[in-house]
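Hi,

Here's the structure I promised to pass on. Have a look at it first, and then read on for what turned up.

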Amino acid sequence: MLFSNTEDYEEFSKGIWRDNPVFVQVLGMCPMLAVTNSAVNAVAMGGATLFVLVGSSFLVSLLKGWIPKQVRISCFIIIIATFVTIADYTLLALIPTVHKELGAFIPLIVANCMILGRQEAFASKSTPRLAVMDALGMSSGFMVALLALGAVREIFGTGTLFGIELFGPAWEPWVIMILPPGGFLTLGLILLVFNWMSQRKAMFLERVAEAEGSSQ
Amino acid sequence: MNSKDPDLLLQTAPFLRQGMTTPSAMMDVIIALAPATLAALWYFGNSAVLVISASIAGAVLTEMAFVPRQRRRMILMDGSGLLTGLLLGLTLPPGLPMWMAFIGGAVAIGFGKIIWGGLGNNLFNPALVGRAFLLATFPIAMTTWTAASEGFWTFRLTNFDFPFTYTEIDGLTAASPLGLMKFDQEATDVMQLFFGNTAGSLGETSSLLLILGGIYLYLRRDIDWRVPVSIVTTVLIFSGILYSIDPLIYPAPLFSVFSGGLMLGTIYMATDPVTSPTTPLGTWIFGIGIGLLVILIRVFGGMPEGVLYSILLMNAVTPLIDRFTQPRIFGHQRSKKT
Amino acid sequence: MSDIIGSDRQQRSPESGGEKPPEQDEPRPIKLVMTLALGGLISGLGIVGVYEATLSTITEYRAQELRAAVFKVLPGVTQMQELAQESDQLVAVVNEEGEESRDNTIYGGYDEERNFVGYAIPGEGPGFQDTIKLLYGYLPTANKVVGMEVLQSRETPGLGDKIYKDLVFVGAFSDLPIEPTIEVVKKGRKVSDNQVDAITGATISSRAVVKIINDTNSTWLENLPTPGNEPPMQDNNSEAENVIQ
C-alpha cells in the first residue's frame, strides 16, 4: 500500500478535495487559465507542476534545519527555480510539441503561488515523508482542476478530447472556449458548481446534526 | 423584506406617482422597435422570425430557470427578458442557426443579467454581452451575411442546422457595407443605408425606422436625448476630420453614421438606463467616448464593426464616470483632496 | 498566506511540532549570504548538468524541424545549408554543433546531385493578433514562390489559423509568380497568376501572410546572386545531419 498509515493518507487526500488548491484556495490561477485549452496541455502542465512541487517540498523539508529563517523565501525560490528549469529542459528534450504549446508558462511555474505557499505553510515545518505526501496531494488536486478545465474547454472548443474526435466533422467548435475568455468563463462556472455542492453538503450535514440533536 | 415583491411594497415618502414603471418602459422600447422588426421580416423573410424567436426563447427560458419560483411571474411580466432577446435577435445575421441564437439569448440573460444580481445591477448591456459571446464563439457564422430574401418563404438552410453543427455556405454570401468599406474601399450609397435593404444584421438595415423609434422613445421620456446626440455628433465630427484628410481611404461621415449597428446600438443599447451614466455631464462623456471608439475600431482596428465593443467598453467605465461627475450637493463644499 | 496556513495549523504532525524553536539571536549576515551563495551554486550546477544532458536532443530537434520546413517549401530538395550575407556576397554558413542559427540568414536547397534548386527564406511580420513567422521557398530561375509554411502564429483559432490549416490557401503558394508583387483578392476574383484568394473571414491574416512575403522579397531578392552563381553545397554541411533521413 502507498499509505502505510492514516496520517499519510490525511495529508495526501486533503489537497484533492477539501483544500483543493484551485477550487478552495483559488491559487495558481495563471497556469490554470493560460494553458488549459486542451486536455493534453493540462496534463503536461499538471505533470510539470507535480514534479516541481514534490521535488522542492522534499528538499525544503530536508533542509529546513539549515535554512536561516531570514532568507527562507529566497532559498525556497532558488530550490523551486532549479526544479522548474530542470522540468523546462527535460520537457523540451522529451516532448517538444507540448513544450511549444505551453511555451512561457513552464518557466512561470516559479511564480505559481501554490508552490511557494506549500513550502512556507507545510514543507518547512514537517518531515520529508509528510511533505511529499502533502505535495503529492496538492499537485494531484491541481491536476484534477487543470484536467476538468482542459477537458471542458477542449470538448467545446474543438469537439475533441485528448485529440480524439468526439462528435464527427459536423461539430461546430465554440472558438471562445480555447481563447482566454473561455478559460475565465469555464473556471467561473466550475467554481460556481463547486461552491454550490459544498453549500449543499454543509446544509445536509447541518440537518443531520439537527435531527440527531432532536432525537436525543 | 423584499421591496420587489408586489404584495409587500414598502416605500418612503414622498409618494409621487410618476406613472412610469419598468414594464411600461420596456413596453415602450418594444413598440419603438416594432417598425425595425417588421422591416427585418420584410427584408429577410422567415429567417427574421426564426432567429429572433430563438433568441427570445433563449433569453426568457434562462430567466425562468434562474429566478426563484415566487418571483417568477413578476420578473417575467416586466418584459426585460423579452426585450433583451428581441434586441439581441436584431443584431444577429439572418442566416444564423437557430440554436446559436438560442444560446446567445441564454448567455445574454445568464452572464449579462442574472449573474450580476438581476435587472438594475448589471454592468453591461445584456443583449450586447450575448452578441459579444456569439461573435467570439462562432466567428464564421456571425460574420456570414446573406442578402435580403426574394420573398417571405425563401428559406435559409443554415437557420435549420442541427444543434452544435453548422454548414458553411460558400458563394451565397454578401458583404456588409462596412466589410466592403474596410476590405475593398467600396462605399455603399447613403440613401440605401438610410432606407434599408443592405446585407447586414436583421435590425440594422434601415436607419430611418430606427430613428423613428428613437423619436418615439424620446417623446415618451424613456431615453436621454444626450446619449444618441453626443454619439452621432462625435462620429460625424471625427470621421469628418478623417474624411477631409483622405476621402479615398476613410469613410464619409454620413456613411459612418448610417452603416452597421450604429443606429441600433446608439438609440436602443447605449441608452439603457442601467448601464449608462446618470449625470448630464457623465452622459456627454459616455456618448463622446462611444463615438470616438467606434471610429477608432472601424478605421484603425482589425474588425469592420466597432459599435458592440465601444458600448461595452464605455459600459465598463460608467461607474467611474458617475463618480467623477457627481454634482456638488447644495450647501456643501467640494471635498478637498487629502 | 495566513488562510493557507490556517488549515494546516490544527493538524500539524506531532513530530514536526516537537521541533526545537528557531534560534533566538540573529544569525550573522555572512551566514545568510553564505547560505544563499551555496544554494545558488548547487542550483547552478544542477541546471548546467541538465542543460548539458539535454542540449544535443534539443538542438537536434530544432535543426530537424527547420530541415523539415525547408524540404517542405522547396519540393525536390534533399540537402540544405544556411546562407548569410557577408561583405556583399552570399556565403555558406558552417554551424558548430550546438550553435544557434544566426539572424538574417536564408537557406539554400540542393538536390541529390548537389545542384542548387532554390532558396528557403524566413520572414516575419504582424498578423491579426501577434507576429507571424513563416518560411517560403523561392526559385530564382522561375522567379516564383513554390511553397509556404507558417512556423509560428497566434491567429484566431477557426479563422486566422486557416493561413496554415486551409490547404487551398497554402496550396496557392506552391506555384506563384512574384512579379510585380503578390496580391490578395477576394475569394473567386482571381484573374492573374500573381494573385491569391483571401480566406473568407480571415482577410487580415491572409493579407498579413502576403505582405510578409512581399516585404521579405524586397529586402532579399536584390541581394541574391544571379542564377547559376549560388554558393555551392559545402562538404562539411552535407554530412548525414543535413541530408534527409
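A quick definition before the details: the helix axes here are lines fitted to C-alpha atoms over the stretch in contact, and angles run from 0 to 180 degrees between N-to-C directions. Also keep in mind that this is a predicted model.

First, a helix pair in chain A. Helix α4 (residues 72-94) of chain A packs against helix α6 (residues 113-121) of chain A at an angle of about 130°, and their axes are 10 Å apart. That angle makes α4(A) oblique to α6(A). The crossing of α4(A) past α6(A) is right-handed. On the α4(A) side, the contact is made by A:R72, A:I73, A:F76, A:I77 and A:I80, while α6(A) brings in A:I115, A:L116, A:Q119 and A:E120. By type, the residues of this contact are six nonpolar, one polar and two charged.

Now over to chain C, where there's a sheet to look at. It is an open one of seven strands, ordered β2-β1-β3-β4-β5-β6-β7, with antiparallel pairing. At the edges stand β2 (89-93) and β7 (176-177) of chain C; each has a single partner strand, so one side of each has no neighbour in the sheet. Strand β1 (residues 79-86) of chain C runs antiparallel to β2(C), and five bridges join them. As for C:E82, its bridge partner in β2(C) is C:V93.

Helix α3 (residues 29-73) of chain C packs on that sheet, touching β1, β3 (105-110), β4 (116-126), β5 (131-139) and β6 (144-152) of chain C. The direction of α3(C) makes about 150° with that of β6(C).

Cheers

Technical notes: Residues are numbered from 1 along each chain as its sequence is written. Chains are lettered from A and ligands numbered from 1 in the order in which they are written. This is a predicted model: local features need pLDDT of at least 70, side-chain atom pairs count only at pLDDT 80 or more; totals for chains, interfaces and linings use all residues. Side-chain values use heavy atoms; hydrogens and water are left out. Helices (H or I, at least four residues) and strands (E, at least two) are DSSP runs, numbered from the N terminus. Angles under 35 degrees count as roughly parallel, over 145 as roughly antiparallel, 65 to 115 as roughly perpendicular and the rest as oblique. A crossing is left-handed if the near helix is turned anticlockwise from the far one by less than a right angle, and right-handed if clockwise. Contact means heavy atoms within 4.5 Å. Ala, Val, Leu, Ile, Met, Phe, Trp, Tyr, Cys and Pro count as nonpolar, Asp, Glu, Lys and Arg as charged, and the others, Gly among them, as polar. Two strands pair if DSSP finds at least two bridges between them.
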